[in-house]
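Thank you all for coming; I would like to take a few minutes to walk through one model with you.

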Amino acid sequence: MAAADAPSATLRRRDLCNRGIRLARKMRSDIADLLDIYVERQGLDASASVAAVEGVPVAATECWSEQTGTQRLLDNLAAYRSFRVLLAQMLEEQREQLGDADTTLGRALAAVLLQVSAFTYHLEELLQLESCGPPSEEGAGPPALPRLSLFEQKLRGLGVLRELAQWAVRSVRDLRQLAKPGPGSGSAPGMAES
Amino acid sequence: SSADSHIQYERVGADVTMKCGSMDWDAAVTWTANGTDIDDSHLNGSYLILKNVDLTQSGQYSCYEGSSWHLKYQTYLRVGTPPKEPVLMCRSNNYPKGFYCSWHLPSPTYIPNSFNISVIHGTREMVCEKDIFPKNRCHIRYLQLFSTVKYKVTLTVTNALGKNSTTLTFDEFAIVKPDPPESVVAKPVPNNPRRLEVAWQNPSSWPDPESFPLKFFLRYRPLILDQWQHVELSDGTSHTITDAYAGKEYIIQVAAKDNDIGTWSDWSVAVHATPWTEEPKHLTTEAQVTETTSASTSSFVPPPTTKICDKGAVVGSGAVAVCWTAGLVLAAYGVLFI
């Protein structure tokens, strides 16, 4: 069944993509605010370099323009499912460290976690429309980490939020590609031609 | 005999001693600068002494044996300075293709300089391809998008008198700045004395506006006022101004920005336009307005005696303050229609 090509499916996809773009933009804005709060509350330097953290989905890609629509959705879905787990971990750690002493950071984390969950659901809907359905979540989360020191936890959290911010921008671009008329492969010029 | 000939670089303010090749100190020689004999007061034996050299002393210096006038030594003296810290700028006006870096020296050195640029992204060194023109620019292709890893660009400038360098560190999004919109056109709307239609095009350097759409910022003001009005437009490449002052010439500019990242472009070239007006009736007093005005109000034009409202009354809003003079004219119309 070529559901993805039927006019109503095309309109539905475009509608979902446009809503997803709005979600991603709002998410990005809230992540930026959360980063400011996080850096301040955790006593970190905003410009501190954080090495790549195991288990955090990296938004950087060398083949963005060549991806098909389905690949974009799958990459996004895998990333946000991981972020959902990572943010929940951060929230738990924050509560362990600070208890009820800092509700501002806790509230900001919870708000972004909610948006990430909503966006994940949104991506699953889009994948349903692509007739491939979202993959199951078994084993899809980030690997279990050894217990980190408090400072390591803070740095890791900074890395998570920074990468999430990049993903929010990438998601807007991905959804825009997907919303384009056509089969939804949405390859764009711009990257180095091979 | 053949003479030594080479280029000699010296700093401004330095004391320079030139030997006449292999001639003894007590040999009789004559020195010239650019073909003109140099006074003996500048000589110490056969050595030429130039104290506290300045830029005007750059030139060709030659030493001749006293009796035979054989050329024994020749050098081209270039007086200059070591380079100051260069000014480096990097920008992406063609995202997501890549970015370019350009540089210049804050002050001239007066001698040749060479520039070397290195671009590091994480552990990877990237190639910055130098442009043929202008010479002080090179461009880099993005190999990755959406990276959190910063780019580190180091420019080193070297000349015969020294070297200097500067480093820029930035992330992918921060340097994105499109070129200004192109082909901005503004024109009046027939039979609409308060409207101006403005249209423009995406900058031609922006490679894929469909996938990476731009948003725009339009500013406009009548020439006679200093305060700009602003409109931000999230899509489209046209806009109709609906609150222009009738009959007043406007100046209009547009800027562009990627919808999600980076900074606003510079303002476009300014265009001028005046809203549509009816044929002027050359009215000079309110009394003439009441005698000659027709029943139609759609083409109302304030008479020349109408004063421009105070700036403070119109700053920042589309509403037009009603001036007392315009109020009189409106009252006159009311009387006429009654």
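In what sense do β13(B) and strand β14 of chain B pair, and over how many bridges? Before I answer, let me say that what you see is a predicted model. The pairing of β13(B) with β14(B), which covers residues 137–141, is antiparallel and runs over two bridges. Within that pair, Glu129(B) is the residue that stands opposite His139(B) of β14(B).

If we step back from this pair, we find that it belongs to an open sheet of four strands in chain B, ordered β9-β10-β14-β13 and paired in the antiparallel sense.

Let me now turn to chain A, and to helix α4, which spans residues 150–179 and contains Lys154(A). Is Lys154(A) buried or exposed? Its relative accessibility is 18%, and because the cut-off for buried is under 20%, Lys154(A) counts as buried. Apart from neighbours within four places in sequence, the residues that Lys154(A) contacts are Tyr38(A), Gln42(A) and Leu44(A).

Helices α2 and α4 of chain A each contribute at least two residues to its lining, with α2(A), residues 69–98, giving the most, namely four. By class, this lining comprises two nonpolar, five polar and one charged residues.

Finally, there is the largest pocket, which contains about 910 Å³ of space. Its lining consists of 34 residues, and those that lie nearest its centre come from both chains: Arg162(A) and Gln166(A) on one hand, and Thr148(B), Val149(B) and Asp171(B) on the other. From chain A, α1, residues 7–41, and α4 each supply at least two lining residues, and it is α4(A) that gives the most, with eight. Sorted by class, the lining of the largest pocket has 18 nonpolar, nine polar and seven charged residues.

So helix α4(A) is the element to keep in view, as it holds the buried Lys154(A) and supplies residues to the linings of both the second largest cavity and the largest pocket.

Technical notes. Residues are numbered from 1 along each chain as its sequence is written. Chains are lettered from A and ligands numbered from 1 in the order in which they are written. This is a predicted model: local features need pLDDT of at least 70, side-chain atom pairs count only at pLDDT 80 or more; totals for chains, interfaces and linings use all residues. Side-chain values use heavy atoms; hydrogens and water are left out. Two strands pair if DSSP finds at least two bridges between them. Buried means under 20% relative accessible area, exposed over 50%, partly exposed in between (1.4 Å probe, protein chains only). Contact means heavy atoms within 4.5 Å. On a 1 Å grid over the protein atoms alone, a cavity is a set of points where a 1.4 Å probe fits but cannot get out, and a pocket is an open set with protein on both sides within 12 Å along at least five of seven lines; lining residues have an atom within 4 Å of a point. Grid points are joined across faces, edges and corners, and a volume is the space filled by probe spheres set on the points. Ala, Val, Leu, Ile, Met, Phe, Trp, Tyr, Cys and Pro count as nonpolar, Asp, Glu, Lys and Arg as charged, and the others, Gly among them, as polar.
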